[in-house]
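Trainee: I would like to go through this model step by step. Could you show me the sequence and the structure?

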Amino acid sequence: MHTRAEMIALAGSGLLLLVILELVRSRRLKEKYSLLWFFTAVVLLVMALSRGLLDKLGHMMGIYYAPSAFFLLAFLFLMLIMVQFSVVISRLSERNKTLAQEVALLKLKFEEEISSVKAETYKNRIREGNSG
Amino acid sequence: MRILAVIPCYNEEASVGDVVGSLQTACPEMDILVINDGSRDKTAEAAAAAGAKVARLPYNMGIGAAMQTGFLYAKAYGYDIAVQVDGDGQHDPAEVRKILEPIQEGRADIVVGSRFISGGGFKSTPMRRLGIKAFAKVLTVMTGQTLTDPTSGFRAVGKKVINLFAEEYPQDYPEVESLLLVHLAKLRIEEEQVVMRARSGGRSSITPLKSAYYMVKVMMVLFIWLIRKKPEMEA
């Protein structure tokens, strides 16, 4: 029973590590956002490999069923990553707003310049027409 | 040859005016572009008053994005050389010709001003020196070329590197990683000895906690480049 759970944990965290590595390598994931994932994958992998370490950690947390300790650990790291996402998304949406406002004001300025240039040419043409 | 100086600035109102002024004196034929990286002080006004062109980023994006803005400008307007000078006054504009020369003579594609080749001047704090040494060692092994000051932000690049960096430039802590990029693109790196000063105004944007993150991140990025597809060069 335990060995099968151990195998699944091992395969799961090993696969996670490989997937993250490939995503960073192919540049679909920025290094900045991969650090926490790497950390998570490595910790889980170590726990999956070393039953003794997992037991010790479990006892420290008052959990005497190793797979539960493993899940709790995975859960905590996922929480951490989610919080990071929330912070990043908040910053992105703020910046996105600033960018849109900047573009709107630039557009306005640009249109004003264009129409003032047009008005100027129009006036000049009338003047030329009158004199000519 | 048309030369553009790019000065990335974040809250450097106290020093940027002097930097622009002494750059103009040291190298009058050079155009100067200050990238105001979302400063909360009067950096942009001070730079414009000193006679520089100023590009204003709408918010703080980090030195990588700021510098790349400069490279995009250099590429778009056909500059042959781009020089990076920090806005805090730690680089001596009088030495700008030293780092320009190897590129003008076609000996190198990127020249880094190094404060560790020998000579006096400000060499950073002991902790930072240790970090710089570690990066230098790793880069030396990776590039097969002795590099002493990979974190130096006093550098000049030729047209090929302008094109490369306009395409691809690291975002967070770009100095070390960008050197590896140049090496992977099979372009030539050279170091020239320069003397640096302690910053004349403002504050460094790097705190101790950030330094630790910086070390981990940059080291990781360097090793990831080993297993990554090489950057593509434009013909």
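Mentor: Two strands pair if DSSP finds at least two bridges between them, and strands (E, at least two residues) and helices (H or I, at least four) are DSSP runs numbered from the N terminus. This is a predicted model: local features need pLDDT of at least 70, side-chain atom pairs count only at pLDDT 80 or more, and totals for chains, interfaces and linings use all residues. Residues are numbered from 1 along each chain as its sequence is written, while chains are lettered from A and ligands numbered from 1 in the order in which they are written.

Trainee: Which strands of chain B stand at the edges of the open sheet?

Mentor: The sheet has seven strands with mixed pairing, in the order β3-β2-β1-β4-β6-β5-β7 (chain B). An edge strand has a single partner, so one side of it is left without a neighbour in the sheet; in chain B these are β3 (53-57) and β7.

Trainee: Over how many bridges do β1 and β4 of chain B pair?

Mentor: B:Ile3 stands opposite B:Ile81 in β4(B). Strand β1 (residues 3-9) and strand β4 (residues 81-84) of chain B pair in the parallel sense, and the number of bridges is four.

Trainee: How many residues does the largest nonpolar core have?

Mentor: A nonpolar core is a set of buried Ala, Val, Leu, Ile, Met, Phe, Trp, Tyr and Cys residues joined through C-beta atoms within 7 Å. B:Ile7, B:Val34, B:Ala82 and B:Val83 have the most contacts inside the largest core, and its residues number 61.

Trainee: How many residues of chain A are in contact with chain B?

Mentor: Two residues are in contact if their C-beta atoms, placed from the backbone, lie within 7 Å. On the side of chain B, nine residues take part, and the number in chain A is nine.

Conventions:
A residue is buried if 20 or more other C-beta atoms lie within 10 Å of its own, exposed if 12 or fewer, and partly exposed in between; C-beta atoms are placed from the backbone.
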